[in-house]
Amino acid sequence: MNEFGNETVERHVYPKNELTGAEIISNWFREKIFLGLSFKEYMKTLITPLNIGAGLIVFAGLFLIAMRFIFGLDQVTEASNEQPWGLFLTWGLFSGVPFSASGFVIGTGVYIFGVKRYQPIVKNAILLGFLGYLFAVIFLMIDLGRPWRIYYPMAISFGTASVMFLVAWHVALYLSVQFFEFCPSVLAWLNQGYLQKIAVSMTLGLTIFGVMLSTLHQSALSAMFLLAPGKVHPLWYTSYLPWLALISAIGAAMALMIVVSKLTTIYFRNRASAEYLGSIDDVTIGLGKASSLVMFTYLGMRLISITHEGAWKYLDTPTGHWFMVEIMILALVPFLYYYGVMKKNVKLIQVTGVVTMIGIILNRFNLTLLTFNYQLPRGEPFYWKEVLVVISVVIIQVLVYRWIVNRMPVLRDHPDYPNDGH
Amino acid sequence: MINRRNLLKIGGAVVAASILGSESVLGAQDFEGNPDRLGMLTDTTRCIGCRRCEAACNKANNLPAPKTSFEDTSVFEEKRKPYVADVQSYTVVNRFEGEDGKPVYRKVQCMHCDEPACVTACPVAALTKSKEGPVVWNEKLCIGCRYCITACPFYVPAFEYSSAFEPKIQKCFMCSQRIKDGLIPACAEACPVEAIQFGKRNDLIKMAKQRIWGEPDKYIDHVYGETEAGGTGWLYVSKLPFEKMGFPGNIGVTSFPKLTKDFLGMVNLTLVTWPALLGGFYMATHKKPNEGHENKNETENEKKTEEDIKHE
Ligand code: SF4
Ligand code: SF4
Ligand code: SF4
């Protein structure tokens with residue numbers, strides 16, 4: 001009995017134990033959620049003109065999304081039987097997913113090929129990949145006719161001959177993989193040391209699994225269009241579509257990392273470690289070199305595929321001219337990267353990263369939206385309400401990213417878990 | 001502790017599962033046509049453009065009343081689709097100018113392909129080619145992804161964009177319910193000149209060829225649908241070349257599942273090669289990583305227990 005008594009006395013010595021439950025919770029919130037500020041102080045920091053503007057757009061977007069779920073897709077979109085997939089999928093799925101390859105591309109480089117150079121950006125790459133997939137699924141949910149059945153391909157009925165069935169499975173699995181891959185950072189933030197170690201130990205397996213899933217569904221996204229030979233314009237339709245999609249996704253992921261890394265050094269300086277900030281130039285040059293190679297491969301394969309399909313004869317048509325814009329951007333990219341790397345010009349590589357992103361987004365837009373069903377008379381490709389919804393969801397995506405980077409060890413190592421980049 | 005060897009084991013299990021699972025991927029694509037499957041034959045040389053099939057179809061499928069009556073021939077001014085904006089019809093008759101200047105009519109509806117693009121596309125197998133012949137849709141499964149619309153080479157399926165809660169995929173289902181009830185499709189029944197005939201596909205092909213053989217001046221020597229898109233259940237014979245009657249000209253004779261078969265076949269290969277390649281590469285470059293890790297962890301554990309003991 002005495003011993004127990006002593007223990008209770010001793011416990012009172014520690015100030016931590018004097019806190020009531022409510023205080024513990026409020027402390028936790030202050031530290032973890034409000035960035036060390038009190039609720040009021042934190043709220044004040046949120047009220048900036050930029051945040052208010054973003055909030056208004058998000059509000060309008062959410063209103064339109066509600067309209068869509070109450071009155072049907074035709075309330076907010078230009079989608080029709082001539083254009084079954086509109087801006088939501090073109091942006092969120094077909095353009096968004098290639099960029100979300102960042103997690104798999106950088107993760108493979110660091111964890112499997114042991115390229116230590118990219119270690120500083122690997123957690124950021126995985127976070128961006130995870131959010132990219134998450135929001136692709138959100139866009140899909142907005143676009144699906146019956147979104148409450150989104151799990152049907154996984155559990156209820158299997159259309160095994162469908163490429164979309166493959167995509168559904170892989171996106172679902174890969175979303176989970178990316179979540180687990182990002183777990184170490186979340187667990188470090190929550191001070192769950194033991195779980196964090198387990199999560200880190202899963203990295204290799206998850207990375208390998210991730211490579212399998214990514215290579216397949218990145219290519220599958222474009223392979224879906226193999227089923228529409230008469231509808232995809234000949235300048236885009238080729239049996240190489242799956243390969244082109246995969247290679248351009250790798251290029252897209254690297255471009256995204258080049259650009260976002262630059263942006264983080266501007267907007268998240270105080271959340272990044274000195275090591276991270278110091279490494280960006282070197283990382284950018286490395287990525288530039290790799291991108292140059294990847295985009296040269298892409299360009300070569302693209303040109304061969306067009307020759308292979310005998311589609312050059314369409315060049316001197318209005319669609320052909322539009323195609324030239326796309327191919328010229330994409331053709332410029334590898335040379336710019338190459339030149340940038342030669343001259344060790346980090347700025348040029350970063351600008352090229354932006355150009356690459358534009359080129360690849362344009363490519364996906366052309367394939368899935370702008371030239372699709374080219375033989376039918378076409379209306380407007382999208383409605384302003386659709387654009388507003390897309391912008392508001394993108395803003396939410398950026399806000400979520402900011403929320404996480406402000407709190408979790410993404411651009412730095414957690415002091416207690418220095419090895420979570422493994 | 002999950003170590004590398006276990007991971008490879010897990011990887012192996014996944015691979016095995018995918019291989020076993022994907023046998024059905026390939027299996028699902030081998031079309032074993034029921035030789036007795038049903039079809040329809042439209043003879044455009046007989047059609048008089050009376051639109052009675054449209055009216056009968058509308059009635060049989062409880063579709064909304066049209067804006068203009070079914071007697072109104074002004075609708076022929078434009079080329080209509082088998083749906084109007086949102087779905088109001090499963091079939092329409094369009095008018096074309098024949099080579100002798102006389103009007104020619106073509107009824108448009110789902111072709112009930114033997115190996116349909118829409119069925120291949122559907123991720124939940126909501127669309128199926130029934131053994132009897134009609135390509136049918138199961139409302140209980142459809143998730144509304146609209147891949148079927150993207151894929152159909154004849155621009156047939158339509159989606160109810162104005163419905164938030166139960167948007168349907170709409171198209172001609174060859175009156176499959178009527179067929180089950182022992183009736184013939186409403187449009188075939190309504191046609192006053194037997195321009196639409198219902199029967200076993202094989203018989204219809206023979207009938208079509210006999211007509212062409214019997215009156216070679218009246219028909220071009222081709223049964224549309226016999227081989228198009230891998231064969232369709234709805235067949236056409238005509239005097240006017242088919243591409244002049246709005247039939248998509250670039251369909252070819254390849255069946256649609258073949259277009260993605262190679263890609264789906266590659267799935268197995270990828271699933272097997274990647275883990276082996278990457279795992280092997282990792283092992284080769286990281287020497288004895290297992291032991292290192294385990295030892296380190298053990299010592300850490302030991303330290304911890306020592307510390308724990310001290311505390312106590
Ligand atoms: S015509 Fe189109 S909708 Fe009809 S069965 Fe063929 S692919 Fe399917
Ligand atoms: S919209 Fe429905 S029927 Fe069409 S492919 Fe998607 S799930 Fe299948
Ligand atoms: S078969 Fe039935 S559903 Fe199809 S067009 Fe004829 S009446 Fe309409």
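Mentor: We will go through the ligands, then the interface, then a few local features.

This is a predicted model, in which local features need pLDDT of at least 70 and side-chain atom pairs count only at pLDDT 80 or more, while totals for chains, interfaces and linings use all residues. Residues are numbered from 1 along each chain as its sequence is written, chains are lettered from A and ligands numbered from 1 in the order in which they are written, and side-chain values use heavy atoms, with hydrogens and water left out.

Let's start with the ligands. Around ligand 1 there are 13 residues (a residue counts if one of its heavy atoms lies within 4 Å). Cys110(B), Met111(B), Cys113(B), Cys118(B) and Cys152(B) come nearest to ligand 1. By class, this shell holds 11 nonpolar residues, one polar and one charged; here Ala, Val, Leu, Ile, Met, Phe, Trp, Tyr, Cys and Pro are nonpolar, Asp, Glu, Lys and Arg charged, and the others, Gly among them, polar. Ligand 2 has a shell that includes Cys122(B), Cys142(B), Cys145(B), Cys148(B) and Trp137(B), with 10 nonpolar, one polar and one charged residues. Among the residues surrounding ligand 3 are Cys57(B), Cys172(B), Cys175(B), Cys187(B) and Lys107(B), and that shell divides into nine nonpolar, two polar and one charged.

Cys57(B) also leads us into a helix. Along with Cys53(B), Glu54(B), Ala56(B) and Asn58(B), Cys57(B) is buried in α2 (residues 52-60) of chain B; buried means under 20% relative accessible area, exposed over 50%, and partly exposed in between (1.4 Å probe, protein chains only). Helices (H or I, at least four residues) and strands (E, at least two) are DSSP runs, numbered from the N terminus. The cover over those buried residues includes β2 (92-97), β3 (103-108), α6 (186-190) and β8 (196-200) of chain B. Just after α2(B), Asn62(B) takes a positive phi of about 50°. Tyr155(B) has a positive phi too, about 55°; Tyr155(B) sits in the loop between α4 and β6 of chain B and counts as buried at 14% relative accessibility. Most residues other than glycine have a negative phi.

Now for the partner chain. In chain B, 68 residues are in contact with 68 residues of chain A (heavy atoms within 4.5 Å). The two chains bury about 5,700 Å² between them, 65% of it on carbon and sulfur atoms; this is the accessible area (1.4 Å probe) lost on being put together, summed over both. There are two salt bridges between the chains, each a side-chain nitrogen of Lys or Arg within 4 Å of a carboxyl oxygen of Asp or Glu. One of the contacts of this kind joins Arg146(A) and Glu139(B), at 2.9 Å from N to O. On the chain B side, α1 (4-27), α3 (117-121), α4 (147-151), β6 (158-159), α8 (257-285) and α9 (289-311) each supply at least two residues. Of the elements on that side, α8(B) gives the most, with 15 residues. By class, the side of chain B that touches chain A has 44 nonpolar, 14 polar and 10 charged residues.

Finally, a residue across the interface. Arg68(A), in helix α4 (residues 49-71) of chain A, is buried at 2% relative accessible area. Ala164(B) is one of the residues that Arg68(A) touches, and Ile142(A) and Asp143(A) are others.

Note on methods: Lists of a residue's contacts leave out its neighbours within four places in sequence.
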